[in-house]
Structure formats: structure tokens, C-alpha cells
Amino acid sequence: MSLKQISSLPVMVVFLLGSSLLSAETEQVPLSERAVLGEGKFAVCKACHDDTLNPPQAPPMFGVQRRYKQQFESQQEFVDAIVKFVTLPTESKALMKGPVKKLGLMPGLPLGDDMLSEIATYIYEENFEPPCEHWAQAMSSEKGKGKGKHRQHVQSMYEEFCQ
Ligand code: HEC
């Protein structure tokens, strides 16, 4: 091995180590440009869709994303449905009957299709943390209520994502 090769060895090692660490950290696909724009505007939604609020003002986005992904096969359908719902919420459009019953229908936010579709793209792409605190709180506050639907839902989500 020439001197030149030996001296470049540590550089190689650092490079390889560094890139493997990086790939472990960035396993989550980075947000698209459009989703980054939506993330910047998400504060409008976070005013209510904030898992740390107690009592809750809106269902956690983790659950909203999950429900909409169950319902719609493509990203386009997912985004369109959210844009339509948020512009003018109605009971018949609502997929989350439990939250509608508990909190009332969300107020309409007619912010324009473009802005709402950026936000909806963000909601589609983001890897939301499971709201374990929110579920734990709901489990204890609904303890006496037997086998309520929400309690059952919360308990099974908690068991699946937080234990
Ligand atoms: C004033 C509080 C408030 C704000 C602000 C708010 N939401 Fe909501 N949102 C709610 C409540 C309450 C519900 C549950 C009742 C319902 O589904 O209408 C809800 C439910 C939803 C749902 C599920 C609807 C369904 O199918 O039942 C979506 C999607 C949603 N919000 C998106 C958004 C987006 C996107 C924003 C920001 C642009 C936003 N929300 C801002 C209160 C809010």
C-alpha cells in the first residue's frame, strides 16, 4: 500500500461511517417541495389539531391521516377530499363520525384550493408521531365509561403504537 493510499484510509472510514449513520437517520422519506410549503402553513390547523391540548379541540392528525389513507387509494384523492372537507365541512362528507359527535363539526376554513392542497399534501406525507399522551389521557378520563367506542379505539391504538 502506498503512503498516499494509507493516508486516505481514515477519510474513507469516516465517509462510510458517516453515510451509514445518515441513512439510518433519514429512513423517513424527505417531504416534497409542495409538502414543505404546506408544513409552513400548518399552524392554521395546529391551533386545534394539537395533540398536547387538554381537553382536545380536534382529532390528532395521526388519526386523521390514517383514516383518510384507509378511505382513499391515491394521494390525489386524499388531497382532494381534505380540500373539499376543510373548505366546507358537512356531516355527510365527514369520515370521523366519533369526533364530529364529541366536538361538533369543524368550522369551514375557505383558504383557497391551492393553499389547502399544499397543507393536505403535507398531511399526506408527514410521519406524525403517535399521540400517546392524548390516548393515555382519554383512557383515564373515560375509564368509568365501560366499552365506549372511542375508549375501545383509543385503547387499541395505544396498544398498537405506544407499547
Ligand atoms: C377551530 C378548530 C379547528 C381548526 C382550526 C381546524 N380543525 Fe380540522 N377538525 C376540527 C374538529 C373539531 C374536527 C372533528 C370534527 C369533524 O370531523 O368535523 C376536525 C376534523 C378534521 C378532519 C377530519 C374530517 C372528517 O372526515 O371527519 C380533517 C381532514 C381536518 N380536520 C383538517 C383540518 C385542516 C387541514 C385544518 C387547517 C387548514 C384544520 N382541520 C383546522 C377542528 C379544527
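Two conventions apply throughout. Residues are numbered from 1 along each chain as its sequence is written. In this predicted model, local features need pLDDT of at least 70 and side-chain atom pairs count only at pLDDT 80 or more, whereas totals for chains, interfaces and linings use all residues.

**The whole chain**

Begin with a cartoon view of the protein, which contains nine helices and zero strands. Helices (H or I, at least four residues) and strands (E, at least two) are DSSP runs, numbered from the N terminus. Of the 163 residues, 19% count as buried; a residue is buried if 20 or more other C-beta atoms lie within 10 Å of its own, exposed if 12 or fewer, and partly exposed in between, with C-beta atoms placed from the backbone. Among contacts with a separation of 6 or more, 63% link residues 24 or more positions apart. Two residues are in contact if their C-beta atoms, placed from the backbone, lie within 7 Å.

**Helices H2 and H7**

Now select H2 (residues 33–41) and H7 (residues 113–125), whose axes come within 7 Å and cross at roughly 105°. Axes are lines fitted to C-alpha atoms, for helices over the stretch in contact, and angles run from 0 to 180 degrees between N-to-C directions. H2 is therefore roughly perpendicular to H7, a term covering angles of 65 to 115 degrees. On the H2 side, the contact is made by Arg34, Ala35, Leu37, Gly38, Glu39 and Lys41; H7 contributes Met115, Glu118, Ile119, Thr121, Tyr122 and Glu125. This contact has five nonpolar, two polar and five charged residues.

Centre on Ala35 in helix H2. Ala35 counts as buried because it has 20 C-beta neighbours inside 10 Å. Beyond its neighbours within four places in sequence, Ala35 is in contact with Thr121, Tyr122 and Glu125.

Continue along H7, where the buried residues include Leu116, Ile119 and Ile123. The buried residues of H7 pack against H2, H3, H4 (61–71) and H5. In H4, the buried residues are Met61, Phe62, Gly63, Val64 and Tyr68, and their cover includes H5 and H7.

**A cis peptide bond**

Select Asn54 and Pro55, which are joined by a cis peptide bond with omega about 5°. Pro55 lies in the loop between H3 and H4.

**Trp135**

The last stop is Trp135, in helix H8 (residues 132–141). Trp135 is buried because 23 other C-beta atoms lie within 10 Å. Not counting residues up to four places away in sequence, Trp135 touches Val154, Met157, Tyr158 and Cys162.

Methods: Angles under 35 degrees count as roughly parallel, over 145 as roughly antiparallel, 65 to 115 as roughly perpendicular and the rest as oblique. Ala, Val, Leu, Ile, Met, Phe, Trp, Tyr, Cys and Pro count as nonpolar, Asp, Glu, Lys and Arg as charged, and the others, Gly among them, as polar.
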